[in-house]
Each structure stands twice: as structure tokens, then as C-alpha cells.
Amino acid sequence: MNTSRRLDAVGRMLKNNSPTILSGVAVAGVITTVVLAVRATPEVMRARTITKVGKTDMSDPQQELDDLTIAEEIKVAWRSYLPAAVSGTATIACIIGANQVGLKRNAALLGVYTLADTAFREYKDEVVKQLGDNKEQKIRDEITKKQMEERPVSAQTVIVTAGGDQLCYDSLTGR
């Protein structure tokens, strides 16, 4: 039972942090892909040289080595670069996965925000209907006054714009 709870906790932790984990794996994947490709390059270059020499008539010492066709290049290099290609593919999958999880979470947050916004608007409309515009405005003014008292005006919170000497309070930013 205790092990089951631990596994559940680990599963929740992995699920909650999956975008960060996938992003970290993607970063490691980029580095791994580069290292694997760099390590494979000398091996591929040797194999290309051997293949070119086998293709060329060596009786003429002045003759340059023939270039390989695209098919020959692939045939020579694919085995050496396969680990880098697999690593690159896994890295791309991690990036896409992290993005998909982020998109789903953003969509869920947007849905919750929309529900909360709709509920607030309905509540506000009903308050205006029950109390009238003047009383509702008075309540909003009192809330703003209370917020300003809790966060007094300082030079850091005042943004000076061109013209005018009227202070306005933005309740969202506290400035």
C-alpha cells in the first residue's frame, strides 16, 4: 500500500512537471545528437575515401578521385549517422510533446478563466440590478480606496506620462 502511494506521488509529480522534464530531455537530446554526429563524421569520411578509391582507375596517378553519387553517399554514411538520427528524432518528439502538453494546459486554463469571468459578469450585473449603478460604483470606489491604503503611492509605483497632473490607480498592477 505504501509503495502504491509512492508510485502515485511519483506519477503525479511526473505528470505535473512533464513540460519541464520533456524540455530538459530535449536539451540533452540536442547535445547528444551533435556529439553523435561529430563522432560519426571521421568514420564516414574514411568510408567515403575507401569507396572513392574503389571506384577510381588507379592506373592514372593524375586522376582525381571520382565523386560519389547521392545513393552511394547514403549507403556509405547511413549506419554511422543512424544513432544521431535516432537521437534527433527523439529530441523532436520531446519538443513536440512538451508543446502539446503546454497547449492542453493553456486550453484548460482558458476554459476555467472563461467560466470565472462569466460568473463574475453575471454577479456584477445582478448587483447593479439589485443596488443600482450609483451604489455599485460606490462599492467599487471603496474597494479601490482600500487597495490604495494597503499599497500606498510611492515614486516607484507612479508612471508619469505627458501632460496632466491627475493620479489614476490601476488595481491590476497596483500602480
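Biologist: How do you know how the radius of gyration of the chain stands against that of a compact globule of 175 residues?

Modeller: The radius of gyration is taken over C-alpha atoms, and the globule rule is 2.2 Å times the number of residues to the power 0.38. A compact globule of 175 residues would come out near 16 Å, but the chain has 33 Å. Along the principal axes, the C-alpha atoms fill a box of roughly 105 × 65 × 30 Å.

Biologist: What kind of model is this, and how are its residues numbered?

Modeller: This is a predicted model, in which local features need pLDDT of at least 70 and side-chain atom pairs count only at pLDDT 80 or more, while totals for chains, interfaces and linings use all residues. Residues are numbered from 1 along each chain as its sequence is written, and side-chain values use heavy atoms, with hydrogens and water left out.

Biologist: What makes the pattern of the chain α-α-α-α?

Modeller: Helices (H or I, at least four residues) and strands (E, at least two) are DSSP runs, numbered from the N terminus. The chain has four helices and zero strands, and reading along the sequence gives α-α-α-α.

Biologist: Why is the contact between Arg48 and Glu73 called a salt bridge?

Modeller: The term requires a side-chain nitrogen of Lys or Arg within 4 Å of a carboxyl oxygen of Asp or Glu. In this pair the closest N and O atoms are 2.7 Å apart, so the contact meets that requirement. The structure holds four salt bridges.

Biologist: Why does Arg48 count as buried, and how is Glu73 classed?

Modeller: Buried means under 20% relative accessible area, exposed over 50%, and partly exposed in between, with a 1.4 Å probe and protein chains only. Arg48 has 19% and therefore counts as buried, whereas Glu73, at 24%, counts as partly exposed. Buried residues make up 13% of the 175 residues in the chain.

Biologist: What separates Asp117 and Arg121 within helix H3?

Modeller: These two residues are four apart in helix H3, which means about one helical turn between them, and their side chains meet in a salt bridge at 2.9 Å, N to O. Asp117 is partly exposed at 22%, while Arg121, at 51%, is exposed.

Biologist: How do you know that Lys129 and Glu126 also meet in a salt bridge?

Modeller: The N to O distance is 3.6 Å, and Lys129 and Glu126 are three residues apart in helix H3, about one helical turn. Lys129 is exposed at 65%, and Glu126 is partly exposed at 34%.

Biologist: Which residues form the nonpolar patch on the surface, and which helix gives the largest share?

Modeller: Val10, Met13, Leu14, Ile21 and Val25 form this patch, with about 400 Å² of accessible area together. Patches are made of residues with over 30% relative accessible area and no salt bridge, where like charges are joined within 9 Å and nonpolar side chains (Val, Leu, Ile, Met, Phe, Trp, Tyr) within 5 Å. Ile21, in helix H2, is partly exposed at 36%. Helix H1 (2–16) and H2 each supply at least two residues, and the largest share, three residues, comes from H1.

Definitions and conventions. Areas by Shrake-Rupley, 256 points an atom, 1.4 Å probe, with all protein chains shown as cover.
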